[in-house]
Amino acid sequence: MEEGLGVFLSTKLEKLYKTLRKMGANKEDAEDIIQETAYRFILYIDGIDINYSEAWLHRVAINQFYDLMKKRKTIRGYLENIKIEDLLDYHTPEQVVLDIESRQKINKWFDNISRKNKEMILLKYVAGLSLKEIAMIYKTTDKSVKTQLARSRTKLKRLIRWEEKV
């Protein structure tokens with residue numbers, strides 16, 4: 001049983017590490033957050049429903065990341081901290097310029113939606129969480145999350161189409 005829990009926890013923490021890195025955490029901070037999250041998971045394991053453990057891990061890690069950013073007085077929403085070049089494998093001069101332009105466009109588009117909706121988009125499409133898991137994190141229903149994601153996607157599509165026309 002302990003071995004299975006270790007494999008489960010290791011897999012989820014690896015995924016969570018990647019999410020933290022994409023949120024803008026540097027390597028050392030992400031490792032520290034993962035370590036603290038694992039410690040808290042083991043400490044409170046008796047009170048955590050195994051069906052919702054992944055959502056619990058994400059919420060704890062994201063809260064720790066925000067606490068760290070607040071401590072440093074640099075929190076501006078984690079989507080602003082995403083480094084597009086970290087997500088791409090291309091590093092030609094032309095690609096670097098395109099990446100910078102893409103990051104600027106993405107940040108401009110995401111400035112027009114709320115922080116909560118940015119988080120939901122990241123949790124859904126980058127971290128790969130289900131609607132139910134996201135709903136648990138925000139203490140709402142999966143239908144509400146689905147509606148908020150649909151509205152955010154629609155707004156982003158309108159912004160992108162409007163920019164293409166200009």
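Residues are numbered from 1 along each chain as its sequence is written. Because the model is predicted, local features need pLDDT of at least 70 and side-chain atom pairs count only at pLDDT 80 or more, while totals for chains, interfaces and linings use all residues; side-chain values rest on heavy atoms, with hydrogens and water left out.

The protein contains 8 helices and 0 strands. Both element types are DSSP runs, numbered from the N terminus: helices are H or I runs of at least four residues, and strands are E runs of at least two. Along the sequence the pattern reads α-α-α-α-α-α-α-α. Of the 166 residues, 36% are buried. Here buried means under 20% relative accessible area, exposed means over 50%, and partly exposed lies in between (1.4 Å probe, protein chains only). Contacts require heavy atoms within 4.5 Å. Among contacts between residues at least 6 apart in sequence, 61% join residues at least 24 apart. The accessible surface of the protein is about 10700 Å². Carbon and sulfur atoms account for 53% of that surface. Accessible areas were computed by the Shrake-Rupley method with a 1.4 Å probe; for residues, only the protein chains shown count as cover.

Charged pairs were examined next. Side chains of opposite charge can pair when their charged atoms come close. A salt bridge was assigned when a side-chain nitrogen of Lys or Arg lies within 4 Å of a carboxyl oxygen of Asp or Glu. The count by this rule is 4 salt bridges. One of them joins Lys-15 to Glu-54, with the closest N and O atoms 3.1 Å apart. This pair links distant parts of the chain. Lys-15 belongs to helix 1 (residues 2-23) and Glu-54 to helix 3 (residues 53-72), a separation of 39 residues. Lys-15 is partly exposed, at 30% relative accessible area. Glu-54 counts as buried, at 10%. Lys-12 joins Lys-15 and Glu-54 in a network of salt bridges.

Arg-40 is partly exposed at 33% relative accessibility, and Glu-36 is partly exposed at 30%. The closest N and O atoms of Arg-115 and Glu-119 are 3.4 Å apart. Arg-115 is partly exposed, with a relative accessible area of 39%. Glu-119, by contrast, is buried at 6%.

Helix 3 is mostly covered, with 14 of its 20 residues buried. At 1.5 Å a residue, these 20 residues should span 28 Å. The expected span is 1.5 Å times one less than the number of residues. The end C-alpha atoms of helix 3 are 29 Å apart, in agreement with that expectation. Thr-19 lies in helix 1. Thr-19 is buried, at 3% relative accessible area. Setting aside residues up to four places away in sequence, Thr-19 touches His-58 and Ala-127.

On the surface, Tyr-39, Leu-43 and Tyr-44 form a nonpolar patch. Together they present about 350 Å² of accessible area. Patches comprise residues with over 30% relative accessible area and no salt bridge; like charges are joined within 9 Å, and nonpolar side chains (Val, Leu, Ile, Met, Phe, Trp, Tyr) within 5 Å. Tyr-39 is located in helix 2. At 48% relative accessibility, Tyr-39 counts as partly exposed.

Helix 7 (residues 131-138) includes Leu-131. Leu-131 is partly exposed, with 24% relative accessible area. Apart from neighbours within four places in sequence, Leu-131 contacts Lys-124, Asp-142, Val-145, Lys-146 and Leu-149. Leu-131 and Lys-146 are 15 residues apart along the chain, yet their C-alpha atoms are separated by 6.7 Å. The buried residues of helix 7 are Glu-133, Ile-134, Ala-135, Ile-137 and Tyr-138. Lys-139 follows helix 7 and has a positive phi, near 55°.
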